[in-house]
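The structure is shown first, and the notes follow.

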Amino acid sequence: MAEDSKDTEGTGGAAKAGGGKGRARKDAAAAKATAAPGAGEVDFAALQVELHRAQLARMRSAHELCGHANAELGALRAEVNGRLAARGEALRAKMQDAWQRMQECQMALWQVSNGGGEVAAASGEATADLVRAQAEVQALHATLCNLAVLDPDASEAYVDGLAREAEIRSAFEREMAEIDSRHTDDLTTLIDEAGDGDLAPQMRMQLDTLKGWYGIAGR
């Protein structure tokens with residue numbers, strides 16, 4: 001009976017030792033799998049880093065494009081404003097001349113207002129000159145109040161500025177669309193390359209979730 005007991009104890013000890021080794025092998029395998037992704041696995045931390053880099057590159061490109069477009073628009077507006085200002089100065093000079101003529105006509109009319117015969121004829125001519133000068137002053141004043149509409153030269157400068165501004169904005173939108181398209185392609189490529197191979201359904205779902213997060217689901 002004593003020997004049977006010793007045999008039993010020996011067998012139990014061996015079984016416990018074998019079980020301990022089995023658990024150790026499982027733990028080691030699990031630790032190895034956790035430490036570094038292997039075949040059929042995705043390193044999501046590294047993938048997120050690459051996706052973030054791609055987004056930063058897109059932001060830099062968009063920032064540079066915006067800066068270039070704003071510089072073009074600023075230069076264009078300065079040019080158009082300069083043309084309008086120059087035209088306004090020219091019209092103000094003309095209005096000043098008309099104003100002086102109007103003052104001279106008023107003075108001449110006052111001088112001949114009490115004469116007769118030839119004096120009356122001179123008075124009529126002075127009155128006509130005064131009316132023309134007043135009309136010119138009023139017309140120039142109205143034009144200056146709405147320069148870009150009523151003055152042909154200013155209107156041409158203004159319309160030309162609008163057309164060139166539309167071209168700048170259209171080019172910006174096209175280039176911005178190209179930047180976004182390249183960015184979408186870059187994100188899609190990064191996620192698709194990470195998903196190459198035989199992945200577990202859970203990892204595949206995580207990649208699909210990433211695509212949805214970055215707005216490229218279905219690509």
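With a relative accessibility of 26%, D129 counts as partly exposed. In this predicted model, the side chain of D129 meets that of R132 in a salt bridge, at 2.1 Å from N to O. Both residues belong to helix α3 and lie three residues apart, about one turn of the helix, while R132 is exposed, its relative accessible area being 52%.

## Helices α2 and α5

Helix α2, residues 44–112, packs with helix α5, residues 152–194, at an angle of about 175°, and their axes are 10 Å apart. Because angles over 145 degrees count as roughly antiparallel, α2 is described as roughly antiparallel to α5. The contact of these two helices has 22 nonpolar, four polar and 14 charged residues.

Across the whole structure, a search finds 13 salt bridges. One of them joins D160 and R83, whose closest N and O atoms are 3.4 Å apart; D160 lies in helix α5 and R83 in helix α2, so this pair ties together parts that are 77 residues apart in sequence. D160 is partly exposed at 30% relative accessibility, as is R83 at 33%, and a network of salt bridges links E79, R83, D160 and R164.

A salt bridge also forms between E136 and R101, at 2.3 Å from N to O, and it links helix α3 (residues 118–145), which holds E136, with helix α2, which holds R101, the two residues being 35 apart.

## Cysteines

The structure holds zero disulfides. C66 is partly exposed at 30% relative accessibility, whereas C145 is exposed at 58%.

Note on methods: Residues are numbered from 1 along each chain as its sequence is written. This is a predicted model: local features need pLDDT of at least 70, side-chain atom pairs count only at pLDDT 80 or more; totals for chains, interfaces and linings use all residues. Side-chain values use heavy atoms; hydrogens and water are left out. A disulfide is a pair of cysteine sulfur atoms within 2.5 Å. Buried means under 20% relative accessible area, exposed over 50%, partly exposed in between (1.4 Å probe, protein chains only). Axes are lines fitted to C-alpha atoms, for helices over the stretch in contact, and angles run from 0 to 180 degrees between N-to-C directions. Helices (H or I, at least four residues) and strands (E, at least two) are DSSP runs, numbered from the N terminus. Angles under 35 degrees count as roughly parallel, over 145 as roughly antiparallel, 65 to 115 as roughly perpendicular and the rest as oblique. Ala, Val, Leu, Ile, Met, Phe, Trp, Tyr, Cys and Pro count as nonpolar, Asp, Glu, Lys and Arg as charged, and the others, Gly among them, as polar. A salt bridge is a side-chain nitrogen of Lys or Arg within 4 Å of a carboxyl oxygen of Asp or Glu.
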